[in-house]
Amino acid sequence: MDSPRILFIDAYDSFSNNIVSLLTTVLDAEVDILPIDPPHLNPKNPSFKDDLSSELRRYDAVVCGPGPGSPGVDQDVGLMKHVWDLGAKDMVPILGICLGFQSLVVSCGGLVKKLRTGLHGMIRAIDHLNEGSSQQDGNIFYGVPPFKATLYHSLHADIGQESILAENWTESRWKSLAHLPDIVPLAWTYEDRGDVTERILMGLKHRRKPSWGLQYHPESICTESTGHQVIRNWFDAALRWNREAGRKTDRSPSQFDGTKKMRRISIWDIDEGNTALKQSVDNFRIWADGGSQLATFGLNANHMSRVLNLPEHIEVPDLVEMIQGAGREYIILDSASAKAGKIGDDVRGRYSIIALDVDGALKLEYRTGNRHVTARLSRTAAPSPQTVSETIKLGAHQTIWQLLSEFWTRRKTQGEDYAPTPFLGGFMGYCTYELGLEGIDVKLREQRRHERPDLCFAWVTKSLIVDHLDATVRIQCLSQSESMAQTWLNSVAEGLLGSSMWSQGLRREATQNLDIDEPTPPRTPTTEPTKTQIQIPDADEYEAKVRLCQDYIASGDSYELCLTDQTLITRPRSPQTTDSISPASSSSSSSWTLYRTLRATQPAPFGSYLRLGGATLISSSPERFLEYDAAGLCSMRPMKGTVRKSASSLGGVSEGVSTLAQAERILHVPKEEAENLMIVDLVRHDLHGVCGPGRVAVPRLLVVEEYASVFQMVSVVEGRLPLPQFSTTTTTTPAESSDSGGSGERQQQLTGLDVLAASLPPGSMTGAPKKRSCEILQEVEVGGPHTHTRERSLYSGVVGYMDVTGRGDWSVTIRSLLRWDDEEVVYIPVPRNAHAGCGDNGVEGQDGDRSKDENGVGDRSGKGHRQRQELEVWHIGAGGAVTALSTPEGEREEMFTKLKGPLGVFERF
Ligand SMILES: C=C(O[C@@H]1C=C(C(=O)O)C=C[C@H]1O)C(=O)O
Ligand SMILES: NC(=O)CC[C@H](N)C(=O)O
């Protein structure tokens with residue numbers, strides 16, 4: 001017998017896929033997803049009602065899901081509004097969840113009002129009608145033992161419950177109120193607000209129609225599984241109603257293509273079907289088969305390596321200084337915390353990866369909105385360095401991710417077990433927050449005034465892997481020629497072994513004796529233009545933004561908003577940063593020194609130093625975003641809940657804590673747990689979207705971990721990618737064409753790139769639901785007279801790798817410093833007679849305007865005495881999750897806490 005079919009109507013929520021997974025696994029049903037606003041079902045079309053009815057006829061039942069906004073706003077509920085009132089012959093069993101529930105309440109004539117305070121991520125006991133009324137009455141709570149459920153709402157149903165006297169409540173709570181005879185209450189919860197107890201309707205059935213509703217979220221990881229019985233009862237009741245009403249489902253295919261299976265996020269799923277895919281593949285193939293030096297870069301390579309024991313005193317940056325010399329681009333993924341021994345046995349800190357000869361690596365760059373990808377290769381060899389670039393057009397419906405996947409597929413290795421090394425060679429690079437916004441269809445508010453890439457991946461063929469546990473360094477390369485590889489490995493090994501730093505530990509160490517436990521508060525800006533100027537976020541303005549976020553939350557538009565702001569550091573440009581840096585000869589102001597300082601003051605498992613695609617990023621991120629292995633096991637590690645370590649406080653506002661036990665006491669409170677839980681459920685949704693129903697688990701929930709300067713609450717969510725599936729499309733990807741032998745079947749192998757594409761921007765940096773929250777953040781973060789900058793850029797994006805075997809590891813870019821080469825500021829007016837104080841790069845009396853920054857920092861045309869000065873601008877983003885329970889002061893303080901570490905490095909010079 002065919003599985004029963006359910007249609008899930010999705011209001012762009014970040015928990016939708018979890019509900020689909022629950023329905024699929026608990027009911028053994030096939031679930032299709034339809035967005036609330038499919039173009040083919042527009043309520044304005046004359047045939048809308050018929051079209052909707054014929055679409056719904058194909059299903060045994062319908063579920064209207066949760067979502068941002070309010071049931072009274074047409075755009076927020078879209079189709080949902082119309083399903084409750086179908087005529088007798090079109091009637092279908094429906095379950096409304098949260099926003100869907102509220103929509104049902106409104107359709108019955110009930111009111112939906114704001115709660116005193118939103119209850120997002122709160123876990124509450126459900127008081128439900130589990131006796132006295134049988135299943136035959138449509139009581140879907142019948143026989144369900146007591147259970148607790150997660151709530152995610154700001155609005156709630158007002159059916160007149162507050163008019164019931166306390167002494168009558170026990171008896172009357174299951175009775176319909178006279179003015180709303182169709183609403184039969186089935187479940188409640190109670191919120192103690194001090195002066196009163198709010199009675200919050202949690203479940204209902206319609207007296208006459210096969211409609212039910214749940215205000216709580218049955219799919220949340222923290223809703224007890226006992227509660228799943230309610231879903232089973234609902235479906236039994238739905239099928240019974242179908243039988244009794246003689247309703248038959250129409251099993252013919254939909255006339256529309258708007259309905260999708262859940263596993264819809266694969267980068268290979270293309271709305272327009274095969275023609276578009278063919279078109280896209282051809283575009284890439286034309287380039288890839290063209291045989292250019294760029295298109296053939298790194299093909300047919302084998303892995304070779306040589307391992308050396310690493311002397312105790314050698315650190316990751318030392319290795320770079322020993323062999324890297326002067327390069328222009330660098331990628332170092334530095335588990336600085338491993339060496340610092342700060343965090344104990346932390347496996348995430350086991351390896352560091354140093355890409356070598358990044359200048360000579362092929363780069364793929366993409367900028368959001370563009371329909372092409374740029375491949376770039378620099379040749380540093382004599383007679384003169386040159387950069388060659390080629391443009392690869394994206395096909396009509398192709399994304400950057402498909403192109404990356406095809407590029408990778410042509411270079412992937414087969415089946416060897418390289419377990420001891422996390423990375424053999426492959427993609428390394430970054431994605432910006434704005435790339436993620438494009439992926440979830442959030443428009444940028446402002447026109448961009450720069451040409452920076454949003455994704456820059458280098459195909460790294462030469463690298464060093466430092467194993468901090470075994471104290472070894474592996475020199476490795478991917479090469480077509482064994483003899484050339486051998487020569488190269490030996491020359492690097494000799495270079496290291498022969499270095500005096502290796503044998504004697506001789507090095508200039510500018511940052512060795514830093515006092516790493518005592519960060520100082522941020523400085524107020526100085527007015528002296530020739531010195532480092534620091535513009536920190538305005539505290540009052542930040543608090544006002546927190547309140548604004550809370551207004552959005554109170555009105556149901558978001559459950560949690562990760563508000564951030566940026567600090568700008570403008571300072572004389574370091575001479576090295578213009579064209580090249582030379583770690584060995586770095587001046588005290590170079591980015592290299594900043595990196596060395598940050599890794600010493602704030603060692604983190606996901607530290608990094610990147611100079612790539614015009615960006616310089618120095619990060620001390622503690623947060624893993626996504627890790628995956630070649631067999632398709634994906635693991636995400638959302639982090640929410642931060643408490644400062646050590647007793648020193650920022651401006652005396654609060655004390656930090658020094659032990660894990662103290663941090664646990666502070667973080668295991670409803671507000672912090674709710675923040676984390678919301679992101680856990682969001683990340684489950686993201687992973688479900690690629691891995692499919694029933695393939696996601698949460699092995700670690702709300703665990704407090706210790707880092708160099710903070711304690712963080714962390715959860716781990718794992719998903720397993722499905723095995724390759726055969727589909728009956730007529731096209732093949734280049735790498736698969738040979739396997740499928742023209743049979744017309746295409747093997748869709750999902751990889752970590754599918755997961756990455758489907759889950760950016762990181763949920764811990766957006767809040768939930770992701771799309772609406774990002775739209776709100778676009779409004780809130782740029783508002784205010786003191787706002788310095790518009791884009792989050794690399795901050796809130798990810799940095800990491802995916803190697804030739806298919807393994808990847810990406811961290812969330814936070815606790816970091818970022819500058820762009822093109823954000824230079826020239827000509828700052830200085831007061832007459834002021835001392836330049838900027839070393840050797842002030843040149844008086846020249847004119848011209850090379851100011852290209854987007855922040856207006858350098859656009860000053862003061863008259864009179866002017867000092868030519870080249871400045872560089874560093875950005876530090878910091879923020880935190882705002883919820884209904886946040887306080888503006890608490891959020892401001894949290895933002896400054898996170899800012900403190902990275903900002904501290906500028907205060908040392
Ligand atoms: C926003 C930042 O951090 C994020 C927010 C956190 C929180 O709200 O507790 C914790 C880690 C990050 O996901 C930041 O570091 O700037
Ligand atoms: N999770 C939801 O569906 C929330 C519904 C609605 N936006 C509220 O906040 O009450």
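Which residues surround ligand 2? Ligand 2 is surrounded by P66, G67, P68, G69, C98, L99, Y152, H153, S154, L155 and G556, where a residue counts as near a molecule if its C-beta atom, placed from the backbone, lies within 6 Å of it. By class, this shell holds six nonpolar, five polar and no charged residues. Here Ala, Val, Leu, Ile, Met, Phe, Trp, Tyr, Cys and Pro count as nonpolar, Asp, Glu, Lys and Arg as charged, and the others, Gly among them, as polar.

Before we go on, a word about what you are looking at. This is a predicted model, in which local features need pLDDT of at least 70 and side-chain atom pairs count only at pLDDT 80 or more, while totals for chains, interfaces and linings use all residues. Residues are numbered from 1 along each chain as its sequence is written, and chains are lettered from A and ligands numbered from 1 in the order in which they are written.

Now for the chain as a whole. It has 22 helices and 41 strands; helices (H or I, at least four residues) and strands (E, at least two) are DSSP runs, numbered from the N terminus. Of its 909 residues, 53% are buried. A residue is called buried if 20 or more other C-beta atoms lie within 10 Å of its own, exposed if 12 or fewer, and partly exposed in between, with C-beta atoms placed from the backbone. Two residues are in contact if their C-beta atoms, placed from the backbone, lie within 7 Å. Among contacts between residues at least 6 apart in sequence, 76% join residues at least 24 apart.

Let us turn to the inside. A nonpolar core is a set of buried Ala, Val, Leu, Ile, Met, Phe, Trp, Tyr and Cys residues joined through C-beta atoms within 7 Å. The largest such core has 218 residues, and those with the most contacts inside it are I9, V62, V63, I331 and A458. Helix α18 (residues 670-691) gives the most to this core, with ten residues. Apart from it lies another core, of 15 residues, among them F606, V643, A663 and L667. If you find I331 in the structure, you can look for the residues that it touches: A355, V358, M428, A458, V460, L610 and L612, leaving out residues up to four places away in sequence.

V62 and V63 lead us to strand β3 (residues 61-64). A61 and V63 point one way from β3 and V62 and C64 the other way, and all are buried. Two strands pair if DSSP finds at least two bridges between them. Strand β1 (residues 5-10) pairs with β3 in the parallel sense over four bridges, and L7 stands opposite V62. Strand β4 (residues 94-97) also pairs with β3 in the parallel sense, over three bridges, with C64 opposite G96.

Next, find helix α5 (residues 99-107). How many of its nine residues are buried? Eight of them are, and the helix is mostly covered. These buried residues are L99, G100, F101, Q102, S103, L104, V105 and S107. Just after α5, G109 takes a positive phi of about 100°.

What about the other ligand? Ligand 1 is surrounded by 18 residues, the closest being T642, S764, I814, G880 and A881. Strands β25 (560-572), β30 (639-644) and β41 (866-882) are the elements that give two or more residues to this shell, and the largest share, five residues, comes from β41. By class, the shell around ligand 1 has seven nonpolar, seven polar and four charged residues.

Strand β25 deserves a look of its own. Why is β25 largely enclosed by the rest of the structure? Because twelve of its 13 residues are buried. Strand β24 (residues 533-535) runs antiparallel to β25 and is joined to it by three bridges, where Q535 has L568 as its bridge partner. β25 also pairs with strand β35 (residues 767-768) in the antiparallel sense over two bridges, and the bridge partner of E560 there is A768.

Let us finish with a loop residue. D357 sits in the loop between β16 (351-355) and β17 (362-366). Is D357 buried or partly exposed? D357 counts as partly exposed, because it has 19 C-beta neighbours inside 10 Å. D357 and I323 are 34 residues apart in sequence, and their C-alpha atoms are 9.9 Å apart in space.
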